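Open the model in your viewer and switch to a cartoon view. This tour goes from one selection to the next, with a short note at each stop.

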Amino acid sequence: RFAEPQFDGYRDIVYHISVPYKDELAHTCELQIHHRDFKIHFGINAHLPFFRPYFTEPNRHQEDVLKDLDILLKVGQVDDTFMEFLLNADDSDQVKLFGRLFLDHLEEYDKALELFKRVLVMEESDLGKDHLKTASTYLHIGLVLQKQDDTDGSLLYLREGYDILKGLLGDSHPTVATIHTYMGIVYTQMGNYAQALKEHQRALQIREKMLGEDHMLVAESYNH
């Protein structure tokens, strides 16, 4: 993009990175190389929509992103060898990143669950249970179990994450509202529609209060 720089001098290069998966090429990320400071032009937060969500975690530095891509290049494909490598890795953020890739893009729920449980052990050891990253891993495990139709297990992990985040962020934080939505979806899956309605109504209350009535997440809660 922008082979000729824009009037203010901004230009970048966009790479689409693909890796082999099950004998096919699977698109996994978009990598942008900026010739000037991106934040000067788009702001600290506004740049996030321009990136794919997996290899550009906001709390992950560019150097780490390149290491992630380098691992894929060295391994060559997503297979059991790659899983063995990840399960022996000592970078919990990196392992979690690939767990999300298995969960959200590849629908490999057994692999995702194995990786997230490995991450949980590392984070509880390094950061303690009452930490935002640890809480997010509990939530990811809960989401994987929901995909596997283990609704009781899903609620167990979602509630663990909920309790941690409520203690850290308060019970009116938008992230807490999202967990109410997750639990509402699980209760719907269980056929417990009365409890599902309570969870979605609580999510709606928090979102309207904290985000305003015209926010897209408020619309999402009404849809549920």
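Start with H9 and H10, which cross in a left-handed manner. The model is a predicted one. Select residues 193-211 for helix H9 and residues 216-223 for helix H10. Their axes lie 9 Å apart, at an angle of about 160 degrees. Angles over 145 degrees count as roughly antiparallel, so H9 is roughly antiparallel to H10.

Now show side chains at this contact. On H9, pick His200, Ala203, Leu204, Arg207, Glu208 and Leu211. On H10, pick Leu217, Val218, Glu220, Ser221 and Tyr222. Colour them by class: the contact of H9 with H10 has six nonpolar, two polar and three charged residues.

Next, move to H4 and H6. Select 92-106 for helix H4 and 132-147 for helix H6. At what angle do H4 and H6 pack? The angle is about 25 degrees, and the axes are 11 Å apart. Angles under 35 degrees count as roughly parallel, so H4 and H6 are roughly parallel to each other. H4 passes H6 in a left-handed crossing.

Show the side chains here too. H4 contributes Asp93, Lys96, Arg100 and Leu103. H6 contributes Lys133, Ser136, Thr137, His140, Leu143, Val144 and Lys147. By class, the contact of H4 with H6 has three nonpolar, three polar and five charged residues.

Keep Leu103 and Val144 selected: both belong to that contact, and both are among the residues with the most contacts inside the largest nonpolar core. Helices H3 (80-87), H4, H5 (109-126), H6, H7 (151-169), H8 (174-190) and H9 each supply at least two of its residues. Which helix gives the largest share of this core? Select H5, which supplies eight residues. In soluble globular proteins, nonpolar side chains tend to be buried together.

Zoom in on Met183. Leaving aside residues up to four places away in sequence, Met183 touches Leu155, Leu158, Arg159, Tyr162 and Glu199.

Finally, zoom out to the whole chain. The chain holds 10 helices and two strands. Trace the elements from the N terminus: they run β-β-α-α-α-α-α-α-α-α-α-α. Colour by burial: buried residues make up 40% of the 224 residues. Among contacts with a separation of 6 or more, 49% join residues 24 or more positions apart.

Conventions. Residues are numbered from 1 along each chain as its sequence is written. This is a predicted model: local features need pLDDT of at least 70, side-chain atom pairs count only at pLDDT 80 or more; totals for chains, interfaces and linings use all residues. Side-chain values use heavy atoms; hydrogens and water are left out. Axes are lines fitted to C-alpha atoms, for helices over the stretch in contact, and angles run from 0 to 180 degrees between N-to-C directions. Helices (H or I, at least four residues) and strands (E, at least two) are DSSP runs, numbered from the N terminus. Angles under 35 degrees count as roughly parallel, over 145 as roughly antiparallel, 65 to 115 as roughly perpendicular and the rest as oblique. A crossing is left-handed if the near helix is turned anticlockwise from the far one by less than a right angle, and right-handed if clockwise. Contact means heavy atoms within 4.5 Å. Ala, Val, Leu, Ile, Met, Phe, Trp, Tyr, Cys and Pro count as nonpolar, Asp, Glu, Lys and Arg as charged, and the others, Gly among them, as polar. A nonpolar core is a set of buried Ala, Val, Leu, Ile, Met, Phe, Trp, Tyr and Cys residues joined through side-chain atoms within 4.5 Å. Buried means under 20% relative accessible area, exposed over 50%, partly exposed in between (1.4 Å probe, protein chains only).
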